[in-house]
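User: I would like to learn how to read a ligand site and a strand in a model. Can you take me through one?

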Amino acid sequence: MRKVVVTRRLPIDINEALSDFDVDANYTNEPISNTRLKHLTNDAEGIICMLDEKIDKNILESSPKLKVIANYGVGVNNIDLVAAKACGVTICNTPDILTRSTAELGFALMMAAARRLSEGDRLTRLNIFPAWSSTLLSGTDLYGKTLGIFGMGEIGKAVAKMAIGFNMNIIFHNRRVPDAKNLLPNSNYVSFEELLSESDFIVITAPLTPETKHKFTAKEFIAMKKSSILVNIGRGPIINEADLVNALKTGVIAGAGLDVYEDEPIVNSELKTLENTILTPHIGSSTIETRKGMAKMCVDSVISVLKNNTKPHNTVNI
Ligand code: DGY
C-alpha cells in the first residue's frame, strides 16, 4: 500500500480518513526529530506535516516516491518550495478554513492588550485587587481608533471586517498596491511609513518571506505612536523580538499582543516578564471546528493527488 506519513496527532481519526493508505503516524503531540522524519519519509508518497517542521531539500531529495505534502497550516515558510517543485512534489496548505478563527484571535489579542486583561486576571487571582478605583488598570478604547493592518490577505480582511463594528478607521499596507476593486469599503491603502505613524493598533497578518523578515525593528517602533499597541498573528520573525522588548520596556510603544515568536517554541525570557504584553502559544487557528477542518483539508489534499491525480485548489507551488 502507498505510504502516508502523518507527523503529529491530529483531531480526527487519521487511519479511517486515509483507510486506502498505509498510514505511518506519530499519535502524540511530541515533535519528531529531523533524522526520524527523514527516515520515515524515505519510502512515503505523501506527508501531512506541521508548520514547525522544516521540510528542506535534504528531506525532499531523500524521498524519491514523494508526490504530495499537506502542511497543517496556511503559512508554508517551513517548506523549501523551490526544491519541492524541482522534485515534482505538490505542496498544499490550509487556507480559508482558518481565516476567521485566526482573525478572531488577533482581535482578541488587540482587545486584551487594549483593556489590560492579562494584568487584570493576574491581579485578581493573586488577591491583590485593592478596591474599586477610577484609575485601576485604565486601558484604551478601540472605538473610533485607527487600525493598521500589515498584510491585507484573507486574515487581514477578516480582522478589518470585525473592526468595522468598532467604528475603527482602517488602513493597511501590502507589498503590492491593490486594485481599487480589491479594496474593502472603509479601508485605505497607505505607505508603510504612514501605517507606522498613523495607527493606534497595528495587526501583523503577513506571511514570513525574505521581504517581511525583521520588518519591525527599533527604527519602526520609534516611528509608531507612543500609545500604540502591536499585535502579531503572522509569523514571529517579522518582528525583531529583542528590539520589541526594548521598545515595550522603555515606553516607545504602549503594549503588544503576540501569538507567534521569533524562535518558537522558545519565548524571549524578558518578554515574559513584561506587564504590557499578552502572550499566547501560537493558537491562532486553534478552535475545535477549525482544527478538525484543517485535518480534513490535509487528508483531502493527499487523496486528491495520490488517488485522483489532481492538484487541489489549495496547491501552493503550481
Ligand atoms: C498558520 O496556519 O499559518 C497559522 O499560523 C496557524 O495558527
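This is a predicted model: local features need pLDDT of at least 70, side-chain atom pairs count only at pLDDT 80 or more; totals for chains, interfaces and linings use all residues.

User: Which residues are around the ligand?

Analyst: A residue counts as near a molecule if one of its heavy atoms lies within 4 Å of it. Here these residues are L51, G73, V74, G75, L98, R235, H282, G284 and S285.

User: Which polar side-chain atom lies 2.6 Å from an oxygen atom of the ligand?

Analyst: A polar contact is a pair of N or O atoms within 3.5 Å. The side-chain atom at 2.6 Å belongs to R235. A polar side-chain atom of S285 lies 3.2 Å from a ligand oxygen, and a backbone N or O atom of G75 lies 3.0 Å from one. Taken alone, the ligand exposes 240 Å², of which the protein buries 95%; the areas come from the Shrake-Rupley method with a 1.4 Å probe.

User: Are the side chains of strand β9 buried or exposed?

Analyst: In a regular strand, side chains alternate between the two faces of the sheet. Strands are DSSP runs (E, at least two residues), numbered from the N terminus. In β9 (residues 201–204), F201 and V203 on one side and I202 and I204 on the other are all buried, meaning under 20% relative accessible area (1.4 Å probe, protein chains only).

User: What stands opposite V203?

Analyst: I149 does, and in β10 the bridge partner of V203 is V231.

Key:
Residues are numbered from 1 along each chain as its sequence is written. Side-chain values use heavy atoms; hydrogens and water are left out. A polar contact is a pair of N or O atoms within 3.5 Å; within protein, one must be able to donate a hydrogen and the other to accept it, and residues adjacent in sequence count only if both atoms are side-chain atoms. Buried means under 20% relative accessible area, exposed over 50%, partly exposed in between (1.4 Å probe, protein chains only). Helices (H or I, at least four residues) and strands (E, at least two) are DSSP runs, numbered from the N terminus. Two strands pair if DSSP finds at least two bridges between them.
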